Structure formats: structure tokens, C-alpha cells
Amino acid sequence: MQKLFVAAALMLALLFVDLKAMAQPDSAAADKKEFVHTVYFWLRNPADQTERSQFEKSLIRFINSSKYISSKHIGVPAATNRPVIDSSYTYCLSLTFKSKAEQDQYQDEDVHKVFIRESEQLWQKVLVYDSVSIL
């Protein structure tokens, strides 16, 4: 009975290690996968149309000038209403890159830094969600 318990515990430990490895792929493999960079912005004065226009112009100029972005989406909260939805943000930016390395280069691009300098006074909060494709 004790041997069976030890064997079962060992199998569970090995399963846990494998699941943990799957959840966090090694960085070399992950760097070659599509990278998705999603940013949520909460503007200080979301009802101010002048500030919204200023933010949108700066953001559009920036993402249209980047050398590394593969695809882009700028959005506002959709007219949906379910308990799991957070629509408190003002703008959503979702960008894809061919790899993490390209996203890293995008972070250092002058056009990215200009956008931040031009617009950071307009937002009160920013949240970023980065993910790497598992496909």
C-alpha cells in the first residue's frame, strides 16, 4: 500500500512538472512565436473630444509608422453587457508581432517614445497584457 501511495505521488509530481513546463514555454521557443501586445488606456477626461482626438491622432500616427507591427487594432468598449466584461477603459490597442524580439524592438522605437511623450498626460491608467501564441 505504501509503495502504491509513493508511486501515485511521484506520478502526480511528474504531471505537475509537465503542466508547469507547458504553461511557461522556454524563452527560445517562445521568441519565435507570434507575440500579441494588448494595451488598455483610461483617459483622464474621456468626455473631452479635443483630448480624445489628440490621443487618437498621436496613436494612429505612431502605429502607422512602426517598422515592427504585423497587425493592429484600435478600439473602444463594445456595447456588450455581461458580468465578465470590463468596459471601464477608454481605448484598447491590440498589436501583433512576428516574435517577442520584434516587440522588444518596437518598445525602443523612436515613434513609440514620441507617442508616450505626446500622450502620457492624457491618460490616468494603462494596463498591458502580453501573450505568446501556443499554436
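Residues 24 or more positions apart account for 79% of the contacts (heavy atoms within 4.5 Å) with a separation of 6 or more in the protein. The structure is a predicted model, in which local features need pLDDT of at least 70 and side-chain atom pairs count only at pLDDT 80 or more, while totals for chains, interfaces and linings use all residues. Residues are numbered from 1 along each chain as its sequence is written, and side-chain values use heavy atoms, with hydrogens and water left out.

The protein contains five helices and four strands, taken as DSSP runs numbered from the N terminus (helices H or I, at least four residues; strands E, at least two). Their order from the N terminus is α-α-β-α-β-β-α-α-β. Of the 135 residues, 27% are buried, that is, under 20% relative accessible area with a 1.4 Å probe and protein chains only.

The largest nonpolar core has 18 residues; such a core is a set of buried Ala, Val, Leu, Ile, Met, Phe, Trp, Tyr and Cys residues joined through side-chain atoms within 4.5 Å. Strand 1 (35-43), helix 3 and strand 3 (91-97) are the elements that give two or more residues to this core. F41 and F55 have the most contacts inside the core. Not counting residues up to four places away in sequence, F41 touches F55, Y89, T90, Y91, L93, F115, W123, K125 and V126.

Helix 3 (residues 49-65) packs against helix 5 (residues 110-119) at an angle of about 175°, with the axes 9 Å apart. Helix 3 is therefore roughly antiparallel to helix 5 (over 145 degrees); axes are lines fitted to C-alpha atoms over the stretch in contact, and angles run from 0 to 180 degrees between N-to-C directions. On the helix 3 side, Q54, F55, S58, L59, R61, F62 and S65 meet V111, H112, F115, E118 and S119 of helix 5. The residues of this contact divide into five nonpolar, five polar and two charged.

I63, also in helix 3, is buried at 6% relative accessibility. Beyond neighbours within four places in sequence, I63 is in contact with I69, K72, I74, L93 and L95. The C-alpha atoms of I63 and V111 are 8.1 Å apart, at a sequence separation of 48 residues.

S66 lies in the loop between helix 3 and strand 2 (71-75) and is buried, with a relative accessible area of 13%. The side chains of S66 and E109 make a polar contact at 2.6 Å (a pair of N or O atoms within 3.5 Å, one able to donate a hydrogen and the other to accept it; residues adjacent in sequence count only if both atoms are side-chain atoms). Residues up to four places away in sequence aside, S66 touches Y106, E109 and V111.

Conventions
Angles under 35 degrees count as roughly parallel, over 145 as roughly antiparallel, 65 to 115 as roughly perpendicular and the rest as oblique. Ala, Val, Leu, Ile, Met, Phe, Trp, Tyr, Cys and Pro count as nonpolar, Asp, Glu, Lys and Arg as charged, and the others, Gly among them, as polar. Buried means under 20% relative accessible area, exposed over 50%, partly exposed in between (1.4 Å probe, protein chains only).
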